[in-house]
Amino acid sequence: MGMSSFWLVGALGEVDVAELAPLAVPAIEATAARSAAVGTWSRWERDAARGGGAVPVWREDGVYNTEDALRLYNLVDDSAFDAMDSSGKLHIMDWWDRLDTDTVEPFFESVRKDNPVAALFHGLGPERAALLPGWVGDAVFPADEVRRRLPAAEAALAVSGAERERALARIDDWPGEKEAESLLDGPLRVWRETAGAGLGLLASRIWH
């Protein structure tokens, strides 16, 4: 049985954010600052621009992913939370148990043998994906930062009209079983509800 990649976005109380942030935020920022990550993101922008906004996903034989798609997958699959969990420094699932689920229903998606954030980013394209606060799906923000960054989350995820239909089609085309509309709409719902409730926010990915 293959492993699955999980992505969760939920509301976290201020005391918990204050405890988690000193561990998580430097690790997320360090992951984003790696020269390999910066270079691969730039390569994705160039590849997507040549492809009309997205990289090709499937080879002509329809069996394997293209090199462009694999580069995007590897970029998005590099998670600070997954690395900390593997090293025993921090077990993020313990923090999932602390989420304020009574106030805000978390968003949760899993994809077997693939990455839900990779599918979302393929759908959004690099210009919108770059606006999503945090780093490729990982983030820890206190309440004031959630409110301040909500417009950026809106700009990344509030896709409408023909652009929305194109994004959903691209998400569907990415490998793995997932709900395209839920993947596009669910994280933004959590951002909005968390900001309205005056809570902090945790977004995290992990393989399990």
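Q: What volume does the second largest pocket have, and how is a pocket defined?
A: The second largest pocket of this predicted model has a volume of about 200 Å³. On a 1 Å grid over the protein atoms alone, a pocket is an open set of points where a 1.4 Å probe fits, with protein on both sides within 12 Å along at least five of seven lines. Points are joined across faces, edges and corners, and the volume is the space filled by probe spheres set on them. Totals for linings use all residues, whereas local features need pLDDT of at least 70. Residues are numbered from 1 along each chain.

Q: Which residues lie nearest the centre of the second largest pocket?
A: Lining residues have an atom within 4 Å of a point. Here there are 13, and Val-25, Ile-28, Glu-29, Gly-134 and Phe-141 lie nearest the centre. Helix 1 (14-33), strand 3 (139-141) and helix 8 (143-157) each give two or more residues; helices (H or I, at least four residues) and strands (E, at least two) are DSSP runs, numbered from the N terminus. Helix 1 gives the most, with 4 residues.

Q: Which helix gives the most to the lining of the largest pocket?
A: Helix 9 does, with 4 residues. The largest pocket has a volume of about 240 Å³. Among its 16 lining residues, Gly-53, Leu-124, Gly-125, Glu-163 and Arg-170 are the closest to its centre.

Notes:
This is a predicted model: local features need pLDDT of at least 70, side-chain atom pairs count only at pLDDT 80 or more; totals for chains, interfaces and linings use all residues. Side-chain values use heavy atoms; hydrogens and water are left out.
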